[in-house]
Amino acid sequence: MATAIFYGSNSGNCEDIAKNISNKLGKIDTFNLAKTKVEKMNEYDKLILGASTWGNGELNDDWEDVWKDFSKLDFSQKTIAIFGLGDQESYGDEFADAIGIIYEQLKESNANIIGFTSIKGYYHDYSRAQVENDFVGLVIDEDNQSELTEDRVNQWIELIRSEIL
């Protein structure tokens, strides 16, 4: 059962987090969506998907470019964890919305989604990535809480490790 990370990264922050996660999980296959056909996801049973939120709660360019094809994929037999980046102070009304958008699509496809994390310690008004008191995955705020990133990544990896590898 193979695992891979697929991410979109405009500024490089999402790429850095993807590589960090890959290294901590044992250097699993990692793909930048700007350079990889989204259908490559079909080759893996388990996926970690990463996205940063841009504009007014939108997917970044890499995800926008593959969204039509991504939406056609069948994830019903896959286990998927999601991570995302956002800025809770400047964009508190759409904090980490990109992973919420991805989550909604995956849910429609009956994917087994793992890795929900608590909203405690974040200060935002609204997020599509929030379901009750949890985020649908790992949420990183490099703009305002970069000092918490390493611990958040480590805790999340321990949460998903047994199901994602």
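Analyst: The chain in this predicted model exposes about 7,900 Å², of which carbon and sulfur atoms supply 41%. Buried residues, in turn, make up 55% of the 165 residues.

The fold behind this surface has four helices and 10 strands, which follow one another along the sequence as β-α-β-β-β-α-β-α-β-β-β-β-β-α. With a radius of gyration of 14 Å, close to the 15 Å that the globule rule gives for 165 residues, the chain is therefore as compact as a globular protein of that length. Its C-alpha atoms fill a box of roughly 40 × 30 × 30 Å along the principal axes, and among contacts with a separation of 6 or more, 74% are between residues 24 or more positions apart.

Turning to the aromatic rings, a search of the whole structure finds 12 aromatic pairs. One of them is formed by Phe6 and Phe31, whose rings are stacked, with 4.9 Å from centre to centre and 20° between the planes. Because Phe6 belongs to strand 1 (residues 3–7) and Phe31 to strand 2 (residues 29–32), this pair ties together parts that are 25 residues apart in sequence. Phe6 and Phe31 are both buried. Elsewhere in the list of aromatic residues, Trp63, Trp67, Phe70 and Phe75 are linked into a cluster by ring pairs.

Methods
Residues are numbered from 1 along each chain as its sequence is written. This is a predicted model: local features need pLDDT of at least 70, side-chain atom pairs count only at pLDDT 80 or more; totals for chains, interfaces and linings use all residues. Side-chain values use heavy atoms; hydrogens and water are left out. Helices (H or I, at least four residues) and strands (E, at least two) are DSSP runs, numbered from the N terminus. The radius of gyration is taken over C-alpha atoms; the globule rule is 2.2 Å times the number of residues to the power 0.38. Buried means under 20% relative accessible area, exposed over 50%, partly exposed in between (1.4 Å probe, protein chains only). Contact means heavy atoms within 4.5 Å. Accessible areas come from the Shrake-Rupley method with a 1.4 Å probe; for residues, only the protein chains shown count as cover. Rings of Phe, Tyr and Trp (its six-membered ring) pair if their centres lie within 6.5 Å; planes under 30 degrees apart count as stacked, over 60 as edge-to-face and the rest as tilted.
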